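Student: I am new to this structure and would like a tour. Could you walk me through it?

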Amino acid sequence: MTLTIKQIPCLSDNYGYLVHDPKSGETISIDSPDANAILEALKTEGWALTQIWNTHHHFDHAGGNAQLVRETGCAVIAPAGEKGMIPGADRYVGGGDTVSLGAYMARVVDTPGHTLGHICYVFDAQHIVFVGDTVFSMGCGRVFEGTPAQMWDSLTALMALPDETMLYPAHEYTADNARFALTIEPDNADLLARVEAVAALRAAGRPTVPVSLALEKKTNPFLRAGGADAFARIRRQKDTF
Ligand SMILES: [Zn+2]
């Protein structure tokens, strides 16, 4: 038996993720976009929440912490760079730290840019990474607190993961990102194929993520920028798209 991941549509376009280890019986919630939706999913699966792993402090990521702690008694792991900003935090972690779910280990990677303390959780052995608002399919998070150069370094760190790694972003922004990506690379055959696949998924009411790093490297204009300056230019264009 291996890790089971349940994807939960929350709010208007967020995804919550529950990660369950059948052996230990532990279940973690990646962020807490909507406590009621997460509690409902736990009930459906018959899982008990043991931990929340937060990626950053925004309300649609940590806003459900207090209720989940109150109703389940779960522990909260939060980014070291956002002390005091994450409700219920019990432990703060940063780049190089490891966190565990039963016998499974995840590595914390610092990915500042969207917020200054943003972190991602990498299950290296399983080729899974929870990327929060750092990268989306064919897109990336807005650079609210950090600099474009910081965000580029964060994306570069994620691109160093093996190609087969599956990215689990926190939002369903793919169709919108696709429209922008096509303005940057209108002749990219991989992008055109992905855009078509995404349209079919959305028409069927299905999520477009998780997505492999390999596919993102072929289709995501932000990952394909090649350097911090070009990245900054594309990010500015997207901000006003
Ligand atoms: Zn955010």
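Student: How many helices and strands are there in the chain?
Tutor: This is a predicted model, in which local features need pLDDT of at least 70, side-chain atom pairs count only at pLDDT 80 or more, and totals for chains, interfaces and linings use all residues. Residues are numbered from 1 along each chain as its sequence is written. Helices (H or I, at least four residues) and strands (E, at least two) are DSSP runs, numbered from the N terminus. On that basis the chain has 8 helices and 14 strands.

Student: Why is the chain said to be as compact as a globular protein of that length?
Tutor: The globule rule is 2.2 Å times the number of residues to the power 0.38, and the radius of gyration is taken over C-alpha atoms. For 241 residues the rule gives 18 Å, and the chain is close to that value, so it is as compact as a globular protein of that length, with a radius of gyration of 17 Å.

Student: What percentage of the residues in the chain is buried?
Tutor: A residue is buried if 20 or more other C-beta atoms lie within 10 Å of its own, exposed if 12 or fewer, and partly exposed in between, with C-beta atoms placed from the backbone. Of the 241 residues in the chain, the buried share is 47%.

Student: Where on helix 3 do its buried residues lie?
Tutor: Helix 3 covers residues 65-72, and its buried residues are Asn-65, Leu-68 and Val-69. Seen down the helix axis, they fall within an arc of 100° (the arc of the directions from the axis to the C-beta atoms). They therefore line one face of the helix.

Student: Is Glu-145 buried, partly exposed or exposed?
Tutor: Glu-145 sits in the loop between strand 12 (139-140) and helix 4 (148-159). Because it has 18 C-beta neighbours inside 10 Å, Glu-145 counts as partly exposed.

Student: Which residues is Glu-145 in contact with, leaving aside its neighbours within four places in sequence?
Tutor: Two residues are in contact if their C-beta atoms, placed from the backbone, lie within 7 Å. With those neighbours left aside, the contacts of Glu-145 are Thr-115 and Leu-116.

Student: Which residue in strand 8 stands opposite Val-99?
Tutor: Two strands pair if DSSP finds at least two bridges between them. Strand 7 (residues 98-101) and strand 8 (residues 104-110) pair in the antiparallel sense over 4 bridges. In their hairpin, with 2 residues between the strands, Gly-102 takes a positive phi near 55°. The residue opposite Val-99 is Ala-106.
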